[in-house]
Amino acid sequence: AQSAIGAQRVQLGLTPQTASFPVAGVQFIEQQHLPRPIFNSHLWGGYLIYRWYPDPARRVFIDGRVDMYGKTIADDYLEVANIRPGWRKTLDTYAIQTVLIEKDSPLSTLLLADGGWVRVFQGDVEDVFVRRPHL
């Protein structure tokens, strides 16, 4: 019989296990110097902090410690992530230029259809969008 602990993934060492993280998408953001601010999935905020800290030019929108960010940011994150009415305005309010979210998520589907965003990268688990410049 397998114990519950044996069924869980165990991390060894200091480097995070990256199978479920947007490693390739983050490398693409870095190599292409994609514009900030960046809107990211809260699931990947800790990984992004691990990659980007202490670079002041690279900041996460939110991570798993949602309570640390305050109710306004948490609510705004949920508005966009759950594509509630007003999600576009929220991205505008924060002047978001790059979006790093789960591959083929509902938000990804809407950004593809929106016309104001271009998907510039798709990895195993992630989609990366940049805001289309106003002409």
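Is Arg 88 exposed, partly exposed or buried, and what is its relative accessibility? Arg 88 counts as partly exposed, at 43% relative accessibility. The legends below describe close-up views of a predicted model, in which six salt bridges are found.

**View 1. Salt bridge between Arg 88 and Asp 114.** The closest N and O atoms of Arg 88 and Asp 114 are 2.5 Å apart. Arg 88 belongs to helix H6 (residues 87-93) and Asp 114 to helix H7 (residues 106-114), so the pair ties together parts that lie 26 residues apart in sequence. The partner of Arg 88 in this salt bridge, Asp 114, is partly exposed, with a relative accessible area of 25%.

**View 2. Salt bridge between Asp 75 and Lys 71 in helix H5.** The N to O distance between these two side chains is 2.7 Å. Both residues sit in helix H5 (residues 71-81); because they are four residues apart there, about one helical turn separates them. Lys 71 has 62% relative accessibility and counts as exposed, whereas Asp 75, at 33%, counts as partly exposed.

**View 3. Salt bridge between Asp 127 and Arg 119.** Here the closest N and O atoms of the pair are 3.6 Å apart, and the contact counts as a salt bridge because the cut-off is within 4 Å. Asp 127 is buried, at 0% relative accessibility. Arg 119 counts as partly exposed, with 31% relative accessibility.

Methods:
Residues numbered from 1 in each chain as written. Predicted model: local features only at pLDDT ≥ 70, side-chain atom pairs only at ≥ 80, totals over all residues. Heavy atoms only, no water. Helix = DSSP H or I, 4+ residues; strand = E, 2+ residues; numbered from the N terminus. Buried < 20%, exposed > 50% of the residue type's maximum accessible area, 1.4 Å probe, protein only.
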